[in-house]
Amino acid sequence: MVSTSNKLKSNIKNESLGVLSLAALGVVYGDIGTSPLYVMKTVFDPAHGLVISDNNIIGIISLIFWAIMMVVTVKYITLILRADNHGEGGIMALLSLASSSVLNRPQLHRILFIIGAFGAALFYGDGVITPAISVLSAVEGLEVATPLLQPYVLPITLIVLISLFLIQQRGTGGIGAMFGPITLIWFITLGFFGLINIATAPEILQAFNPLFAVSFCLENGLLAFIAFGAVVLAVTGGEALYADMGHFGIKPIRLAWYGCVLPALILNYLGQGALLLADPSAISNPFFLLFPSWALYPAVALATAATVIASQAVISGVFSVTRQAIQLGFLPRMQIRHTSDQKIGQIYIPFVNWILLAAVIMAVVGFGSSSSLASAYGVAVTATMVIETILTFFVLRFAWKYPLILGIVATGFFLIIDATFFAATILKIFQGGWFPLVIGAIIFFVMITWNRGREILLERLRSDDIPLEPFLESLLAHPPARVSGTSIFLTSNVNGVPHALLHNLAHNQVLHECVVFLTVDYLETPRVLEEERVSIKPLIGNCYQITVKYGFKDEPDLPAALEMCKQHGLEFEPLKTSYFLSREIVVPSPGGGMTQWQERIFATMARNASNAAEYFKLPANRVLELGTRIEI
């Protein structure tokens, strides 16, 4: 049997390593690649009180260099990329890998699931801040070209962002092929102009010595700790390396990092440091002042294109995480549209798109500048980094069976680094750090409410269920009239009689000649092998129990799954097959498993959830939906 991981590898081999590495530049490295736009300006923000001196400049560049090496190169590139879940990455895949390794410890399994859900919720905060700060910092380059353009920075930023969200419904397949080449030009530009400026103050190369970073911390004390909250912005986006592993594979991601991204970033930060050593007044915008006056406008245009690409990658990531959360039972069903007939996984979720746009506009207008937004940036990302490190420990210890001491040493070192960065960003809570945390907290509350509400609802349904097989024996002992065709009843309980069947018998008093009880089972694994997708259990009277399994990254398609039943000798004619669905109408009542107001929120979400027929791609003209009132 071929594993999902092997299938992924064979698909990746269809494209050359160079092509995949080029594509990875635009998708994987867009976020971290646009960090040089605002990091140095944020570190030396006058509000932080850090003096612009030679020692401080070299110390900060040294901190940035070693942060990139430790967090991105060692932690993500070397360690976490090894924790693939059947070839897939991302916090949901890591959560699945960690939680499935402790299934024999239900309480720990539940705790890990909650921690992972919180990490996924924080990603939505990052999804708001990243487009806002990236595009705004790029457009702010116009101020460097001429102060007369300053009043137009916010309007231009809003136009770019609104346009980006408007095109989501059409997909980016047509222009997506350009993302890699544009990002490659961006990184070449970063490295080239950084290298030119290093020549003006070559003493900046002392930053490679970690003693300068240590000396900076010892000399500046609390100010150095505050600076950590800005230095961490240089590694935001590093988590995308793991999240996009399933799209490109480990080798292209590593090749792109070592061959292009890492040298370009280091050269650019060194160049900015050299510029500040030669001219401390350049702190007003050290990135764009790297460029000669003739290159400013092209640099602004290229930076804007690069930030749009980075923002697109984050928006697509939010859509992907939302679908995974739906299939893991953390969010209600939503309308999901596919924007490409050629490529699987290119999706558009209208509700999420417009909510995200509204939040991004609020961030841009409310904060007003990239410097102010930088205070809001980093809190959600560093919290996610801490969570990923914690989950990695459980993968090492329980999934890979590493000795306890080795697991603690391997992850403890990075946990100290991540926790230090997180603690430093927490200091910015009142300067704007609250914004992404509030977004994450709201999403987390919604996730937990929906997850718990579904558990209570299923408990209520199962407590009232009639055992299926005894019911069929009783029914078929004195059968109702049988009519031609097939009836498929969707049910969440394989052992209970679907409410839709009871309603059908009560009102129509007929039974189709072939009856199927269909259950969709979502597993805590990214993908399910095609040969393991469908299982069939024959029952009496030409009745069948079918279970269709999906991973949280699979695309639910029940008609396609039912086609696979041919291999088991069971075939359905589409025009003679009817689907019966039960739609639960949730009624809040005192004494349930949640507070009354939480039950009302859950009932509202259940009422507004996307139609199951559309979500499972059932033919609309063959579906009958029957409602059932359920008190929780």
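1. Phe 123, Asp 126, Glu 239, Ala 380, Val 381 and Thr 384 line the largest cavity, a cavity being, on a 1 Å grid over the protein atoms alone, a set of points where a 1.4 Å probe fits but cannot get out, with lining residues having an atom within 4 Å of a point. The elements that give two or more residues to this lining are H7 and helix H20 (379–399), and H20 gives the most, with three residues; helices (H or I, at least four residues) and strands (E, at least two) are DSSP runs, numbered from the N terminus. The space in the largest cavity comes to about 30 Å³, where a volume is the space filled by probe spheres set on the points, and grid points are joined across faces, edges and corners. A search of the whole structure finds one cavity of 30 Å³ or more.

2. The lining of the largest cavity divides into three nonpolar, one polar and two charged residues. In this division Ala, Val, Leu, Ile, Met, Phe, Trp, Tyr, Cys and Pro count as nonpolar, Asp, Glu, Lys and Arg as charged, and the others, Gly among them, as polar.

3. On the basis of the values: this is a predicted model, in which local features need pLDDT of at least 70 and side-chain atom pairs count only at pLDDT 80 or more, whereas totals for chains, interfaces and linings use all residues. Residues are numbered from 1 along each chain as its sequence is written, and side-chain values use heavy atoms, with hydrogens and water left out.

4. The second largest pocket holds about 1400 Å³ of space, a pocket being an open set of points with protein on both sides within 12 Å along at least five of seven lines. Its lining has 49 residues, of which Arg 333, Arg 454, Leu 458, Ser 492 and Val 520 lie nearest the centre of the pocket. The elements that give two or more residues to this lining include helix H7 (106–139), helix H17 (296–327), strand S4 (510–522) and strand S7 (577–587), while H22 gives the most, with nine residues. By residue class, the lining of the second largest pocket divides into 25 nonpolar, twelve polar and twelve charged.

5. The structure holds twelve salt bridges, each being a side-chain nitrogen of Lys or Arg within 4 Å of a carboxyl oxygen of Asp or Glu. One of them joins the side chains of Glu 140 and Lys 41 (3.2 Å, N to O), and this pair links distant parts of the chain, with Glu 140 in the loop between H7 and helix H8 (141–145) and Lys 41 in helix H4 (residues 39–43), 99 residues apart. Both Glu 140 and Lys 41 are buried, where buried means under 20% relative accessible area, exposed over 50%, and partly exposed in between (1.4 Å probe, protein chains only).

6. Another salt bridge is formed by Glu 625 with Arg 583, the closest N and O atoms being 3.7 Å apart; here too the pair links distant parts of the chain, Glu 625 in strand S8 and Arg 583 in strand S7, 42 residues apart. Glu 625 counts as partly exposed at 34% relative accessibility, and Arg 583 counts as partly exposed at 23%. A network of salt bridges links Arg 527, Glu 530, Arg 533 and Asp 554.

7. Ile 283 lies in the loop between helix H16 (250–278) and H17, and counts as buried because its relative accessibility is 16%. The C-alpha atoms of Ile 283 and Met 40 are separated by 7.6 Å, although these residues are 243 apart along the chain.

8. Two backbone positions may be worth a look. Gln 509 has a positive phi of about 55° although it is not a glycine; Gln 509 is placed in the loop between helix H24 (499–507) and S4, and is exposed, with a relative accessible area of 54%. Asn 542, also not a glycine, has a positive phi of about 60°; Asn 542 is found in the loop between strand S5 (534–538) and strand S6 (543–550), and counts as partly exposed at 36% relative accessibility.
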